[in-house]
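Hi,

Here is the structure I promised to send over.

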Amino acid sequence: MAQTGVRAVKREPEATFDCMFKILIIGNSSVGKTSFLFRYADDTFSHSFVSTVGIDFKVKTVYREAKRIKLQIWDTAGQERYRTITTAYYRGAMGFILMYDITNEESFNAVQDWATQIKTHSWDNAQVILVGNKCDQETERVVTAQKGKSLAEQLGFEFFEASAKENVNVRPVFDRIVDIIMVKVSEGGGDTDPSITSGAKATRLTDTPPVLPKHCAC
């Protein structure tokens, strides 16, 4: 079913958490942003394509050592006509997953423009991962992994190739974006967004709550 405007796809009861990160998935239309989000949040995949209208989000809670982290993950429309709406949500985002389709060169060529949008509208220390999606479609590939990696290095981003359909590198992308946000904050780089707290060394995230002391705090 097509989405209109802003709608919370998934809600969770109000609960305490140590950190909350706002993460945006951006890129051209049809690169697989919605499928990528649904694979991560719900471990589901649909072969039917319905273009996102405006912006949607899901909420997922993960645990990093003794910290409960609430992720607010926004799925943005890629069409130009929604650009004014979506860029309004860039402010306050701690991380971006900038996505292109390895079978669509136009979506890859647009990465530079999307990177400029991030620089223009987001917090100065927002962290970005470049993702080449649909790596399961190797026979239809038009953008090599090396081209993706080279562009990521040029832009100062980390790089993954992934597949929402085959669940390749979906979880590692989200693990990594949270990790580098935490590391950046712990280093005290620039102004710290009030919605986050300092992190410790890099550690793999889990969905399972740890055994916490009664008065755990960041």
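Some ground rules before the details. This is a predicted model, so to speak of local features I needed pLDDT of at least 70, side-chain atom pairs count only at pLDDT 80 or more, and totals for chains, interfaces and linings use all residues. Residues are numbered from 1 along each chain as its sequence is written, and side-chain values use heavy atoms, with hydrogens and water left out.

A pocket here is an open set of points on a 1 Å grid over the protein atoms alone, where a 1.4 Å probe fits, with protein on both sides within 12 Å along at least five of seven lines; lining residues have an atom within 4 Å of a point. Of its 18 lining residues, Ile-118, Asp-124, Ala-126, Val-128 and Phe-157 are the closest to the centre. Two or more lining residues come from each of α4 (111–121), β6 (127–133) and α6 (170–186), and α4 gives the most, with five. (Helices, H or I with at least four residues, and strands, E with at least two, are DSSP runs numbered from the N terminus.) The lining has eight nonpolar, six polar and four charged residues; Ala, Val, Leu, Ile, Met, Phe, Trp, Tyr, Cys and Pro count as nonpolar, Asp, Glu, Lys and Arg as charged, and the others, Gly among them, as polar.

Next, α4 again. It packs against helix α5 (residues 145–155) at an angle of about 25°, with the axes 12 Å apart. That makes α4 roughly parallel to α5, as angles under 35 degrees count as roughly parallel and 65 to 115 as roughly perpendicular. Axes are lines fitted to C-alpha atoms, for helices over the stretch in contact, and angles run from 0 to 180 degrees between N-to-C directions. Val-111, Gln-112 and Ala-115 in α4 meet Leu-151, Gln-154 and Leu-155 in α5, where contact means heavy atoms within 4.5 Å. That contact has four nonpolar, two polar and no charged residues. The C-alpha atoms of Leu-155 and Thr-116 are 10.0 Å apart, although 39 residues separate them along the chain.

What about α1 and α6: at roughly what angle do they cross? The axes of helix α1 (residues 33–42) and α6 cross at roughly 85° and come within 9 Å. That makes α1 roughly perpendicular to α6. Phe-36, Arg-39 and Tyr-40 in α1 meet Val-170, Arg-171, Val-173 and Phe-174 in α6.

Finally, the backbone. Asp-43, in the loop between α1 and β3 (55–64), has a positive phi near 55°. Lys-134, in the loop between β6 and α5, has a positive phi near 70°.

Cheers

Definitions and conventions: Parallel < 35°, antiparallel > 145°, perpendicular 65-115°, else oblique.
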